[in-house]
Amino acid sequence: MVFSSLTFLCIFLPAVFIIYSLVPNLRFRNALLIIASLVFYAYGEPVYVLLMIFSSVLNYICALFVRTGRGKNKAVLIIAVVINLAILGVFKYTGFLVGTVNNLFSLSIPVPEIALPVGISFFTFQALSYVIDVYRGDAKVQKNYFSVLLYITFFPQLIAGPIVKYRDIDEQIMNRSQSIEKIARGLRRFICGLGKKVLIANTMGQTADIIFNSDVSALSLPAAWLGAIAYLFQIYYDFCGYSDMAIGLGLMFGFEFKENFMYPYGAVSIQDFWRRWHISLSTWFKEYLYIPLGGNRKGKARTYLNKMIVFFCTGLWHGASWTFVLWGVYHGLFLLLEGAVPAIKKLPRVIAHIYTLLVVTVGFVLFRADTIGQGITVIGKMFAGFSFTDSSLSLALTQLTPWFILMLVAAIIGCAPIRPLADKLRANLYGEAELSTGMKVVQITLYALAFVLLFWCMIRLSATSYNPFIYFRF
């Protein structure tokens, strides 16, 4: 089940929210959320829900023994890391590794067809962060198994993040409140995320799919750039939309999650981009891989090596394909370039912004491509596709429908830091003892527009079957 489905919007969410709101005791509320989360996951993964429960039991037990009265138990930590990564490796990378070995050594080993559990990368990393934080002393061990189970399975962030660290919500599990203000903010945030996904991301995705699925020999510069830009906005509004929906849902149930995106297309360097893009993943790799490898504490050469290892793993985390790995290495190389050439950081802001967007756009072509060869060909067409034919021009022009252009404009505007301004306005409104009539009108109007957006999204979902879940491979 995904958030952008009528089953979730019309049945699952209303039922869970109403029952949750009627239950007075927090322990019973937590029990309800656990049951609801397991049902949510089992709706699409009835067998693999057992795998997720096993992961929660494994990491709960390991956390109990990773710190003892005599200190830290490193052996238990190693066992937890090995088993978690082994589970992730078996389900996500077995076919990829066997296929790579076959290609390298001209073998014909049967490639196992193992279905990928949705969200396995997200809940595995969450579980690992819990055990590691307990080992380090950054989080208190939780002796109540059901609290750990809720942390790992909680449906808002289960299948598409953000990756939540246990230490960030441990107090909220047994001590949180549900208020009208939180519910209202959460619902509006959820609807905004839904709009990003259903209206903008899905529209951009249809165009990206058509162009990337076309015969690359028929592509020319306009179509190649249109496909690249469409995917640039699809992946952002799809992922950012899901994060908004997760944060909004969390607020509705009393949880406060950290932001996962901070307007990354406004970045002025690749380093700045990664401070703003998928923040929960980049901070996870920084805390649990980069710093343990030595970070920047062991000389420039070791720092460069550590960064490349992190970005190799970042690419591999996204999917079992060399296109993802190349995308990660590509970003790592530009980070090294920015560190080695200080002049890049001194570029005028406009030039730096253009440079960053260009690098990110080209990188996402590799990310979207089915093969490395296709990605390189499309990039070549973007910069040297001057062989204009009727079919290549028609491919681009037929995608420029009024609806696409409208959503493209909305996508460009949405990359601006609108939400901080809105949050500042909201803080000012709620900070006053009594709202003025004008302020009340503004608030009522915003919520009315949110519900109009919700119904619009539901109409779009009911009218089309195109609603891809692009994080399935994650």
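Biologist: Which residues does Tyr-265 touch, leaving out those up to four places away in sequence?

Modeller: This is a predicted model, to be clear. In it, Tyr-265 touches Leu-232, Phe-233, Ile-235, Tyr-236, Phe-273, Trp-277, His-353, Leu-357, Val-360, Phe-364 and Cys-415, not counting residues up to four places away in sequence.

Biologist: And how many residues does the largest nonpolar core have?

Modeller: The largest nonpolar core has 143 residues. Tyr-265 is among those with the most contacts inside it, along with Phe-8, Phe-155, Phe-253 and Phe-364.

Biologist: Which helix gives the most to this core?

Modeller: Helix α9, residues 221-252. It contributes 18 residues.

Biologist: Staying with α9, at what angle does it pack with α17?

Modeller: About 60 degrees. The axes of α9 and α17 (residues 402-414) are 11 Å apart.

Biologist: Is the crossing of α9 and α17 left-handed or right-handed?

Modeller: Left-handed.

Biologist: Which residues meet there?

Modeller: From α9, Leu-226, Ile-229, Phe-233 and Tyr-237. From α17, Phe-404, Leu-408, Ala-410, Ala-411, Ile-412 and Gly-414.

Biologist: New topic: α6. How far apart are the axes of α3 and α6?

Modeller: They are 9 Å apart. Helix α3 covers residues 49-66, helix α6 residues 145-153, and they pack at about 130 degrees. The two are therefore oblique to each other. Their crossing is right-handed.

Biologist: Which residues make that contact of α3 and α6?

Modeller: Met-52, Ile-53, Ser-56, Val-57 and Tyr-60 on the α3 side. Tyr-145, Val-148, Leu-149, Ile-152 and Thr-153 on the α6 side. In the contact of α3 with α6, 8 residues are nonpolar, 2 are polar and none is charged.

Biologist: What about α2 against α6: what angle there?

Modeller: About 45 degrees, with the axes 9 Å apart. That makes α2 (residues 26-42) oblique to α6. Here α2 passes α6 in a left-handed crossing.

Biologist: And which residues of α2 and α6 make the contact?

Modeller: α2 supplies Asn-30, Leu-33, Ile-34, Ser-37 and Leu-38. α6 supplies Phe-146, Leu-149, Leu-150 and Thr-153. The contact of α2 with α6 has 6 nonpolar residues, 3 polar and no charged.

Key
Residues are numbered from 1 along each chain as its sequence is written. This is a predicted model: local features need pLDDT of at least 70, side-chain atom pairs count only at pLDDT 80 or more; totals for chains, interfaces and linings use all residues. Side-chain values use heavy atoms; hydrogens and water are left out. Axes are lines fitted to C-alpha atoms, for helices over the stretch in contact, and angles run from 0 to 180 degrees between N-to-C directions. Helices (H or I, at least four residues) and strands (E, at least two) are DSSP runs, numbered from the N terminus. Angles under 35 degrees count as roughly parallel, over 145 as roughly antiparallel, 65 to 115 as roughly perpendicular and the rest as oblique. A crossing is left-handed if the near helix is turned anticlockwise from the far one by less than a right angle, and right-handed if clockwise. Contact means heavy atoms within 4.5 Å. Ala, Val, Leu, Ile, Met, Phe, Trp, Tyr, Cys and Pro count as nonpolar, Asp, Glu, Lys and Arg as charged, and the others, Gly among them, as polar. A nonpolar core is a set of buried Ala, Val, Leu, Ile, Met, Phe, Trp, Tyr and Cys residues joined through side-chain atoms within 4.5 Å. Buried means under 20% relative accessible area, exposed over 50%, partly exposed in between (1.4 Å probe, protein chains only).
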